[in-house]
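Q: Got a model open here and want to go through it before I use it. Can you take my questions as they come?
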Amino acid sequence: MKKKFIVTLVIAGIALLIIFKLASNKSKINKNNKTAQTEDVRIPVTAAVVKEEIPENSMIKTGSLIPFKEAKVLAMSTGKVQRLLFSLGDHVKQGQVLAILDNHILQLDLQKSESNVAKLRQDLQTYTELYQGSAATKEKVNEIRQNYQDASNQSQQLRKKITDATIKAPTSGVIGSKSVEEGVYLTDGQELATIVNLSQLKVRVNVTETEVYNIAQGQKVKLTTDIYPDKYFEGSITYISPQSDQTHSYQVEVAAGNDKSFPLRSGTFVYTDFSKKDSKKIICIPRETLIESARNAQVYVIEKNKAVLRKITTGAIYGKTIEVLGGLSTGEFVVSSGQINLKDGTLISITK
């Protein structure tokens, strides 16, 4: 009986010890949970300083090389091509004879017309003398004078057609296309060839609405190509379109000299570097710090380990940075990454 009582006491003691241990552990767990709940939860972010600097307007566009001059060689008269004096790819000079049309019939017509002019000139002189002696009427003299003027005009037109039968180059350059051969009959206005002038470079580029206000006519521009990666050409802006196209792009043309040692051809892709440095300092921040667009710009400013949402006013964009016109001061820090996890007043920790 005594032995049974002792066993019961031992079991009861063990049970009490287990209960005490469990209660003690629960108390520690609750205490730890309470401590964890009261600790600050900080969102890791990176930061950028608001600073004043001279911005570099980095702007590189891809354009296409077009001929400095391009002209069509047109027939100004009708006739068969008697002689063709050029080939595809020939270098020609302005005024050089390129083709001669058969003008034999025109020459015969001119001889007849000149004979008629000479006869009418003599008739006009004779009838003028008769009119002065009252032997002819004024109407007859006026009729002969009109016929003489018409015949003279016809002769002049025939001489021009004969001159036009000799077709000359309207500009200097290279024959870029050829569309006729000897023996072909040409009509007035028909194209014989095109001449491409690449003595100078002309690059055509399209820029955006924002970019067009950061360039000016006469501005120096650096041109490079994949063809000559170590060579650059210095050009200047010669034309800026006053009106945008349907995509709100503005056409810009840049002219430069074509180096004979590094010749470029029409159609080559050219990198046009409009980058320049302004003379004044501005307050700027990285564009990645903006929460919304530049028109409704907001940033998270770091104040006492908190991210405070602030509305700012922005100006011009310079590559990866943007000008700040109001809302920030130099020396302040703004969140540059991690904004997606933030709200106004969120506790943060800055990481590198």
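Q: Over which residues does pLDDT stay under 50?
A: Residues 34-39. pLDDT is the predictor's confidence in each residue, from 0 to 100. For that stretch the model has zero contacts beyond four places in sequence, a contact being heavy atoms within 4.5 Å.

Q: And what is the mean pLDDT of the chain?
A: The mean is 86, and 87% of the residues reach 70 or more. This is a predicted model, in which local features need pLDDT of at least 70 and side-chain atom pairs count only at pLDDT 80 or more, while totals for chains, interfaces and linings use all residues. Residues are numbered from 1 along each chain as its sequence is written, and side-chain values use heavy atoms, with hydrogens and water left out.

Q: How many helices and strands?
A: Four helices and 23 strands. They are DSSP runs numbered from the N terminus (helices H or I, at least four residues; strands E, at least two).

Q: Switching to Ser155. Where does Ser155 sit, and is Ser155 buried or exposed?
A: Ser155 is in helix H3, residues 138-164. Ser155 counts as buried because its relative accessibility is 1%. Buried means under 20% relative accessible area, exposed over 50%, partly exposed in between (1.4 Å probe, protein chains only).

Q: What does Ser155 touch?
A: Leu110, Ser113, Glu114 and Val117, not counting residues up to four places away in sequence. Val117 is 38 residues from Ser155 in sequence, and their C-alpha atoms are 8.0 Å apart.

Q: Now the largest nonpolar core. Which residues touch the most other members?
A: Val203, Val207, Leu223, Ile237, Val252, Val254 and Phe274, out of 20 residues. Strands S11 (191-207), S12 (220-224), S13 (232-240) and S14 (250-257) each give two or more residues to this core. A nonpolar core is a set of buried Ala, Val, Leu, Ile, Met, Phe, Trp, Tyr and Cys residues joined through side-chain atoms within 4.5 Å.

Q: What is Leu223 in contact with?
A: Leaving aside neighbours within four places in sequence, the contacts of Leu223 include Val203, Phe233, Val254 and Val270.

Q: What does the second core include?
A: That core is separate and has 18 residues, among them Ala75, Leu84, Val92 and Ala193.

Q: Back to the whole chain: how much of the chain is buried?
A: Buried residues make up 31% of the 352 residues. Among contacts between residues at least 6 apart in sequence, 73% join residues at least 24 apart.
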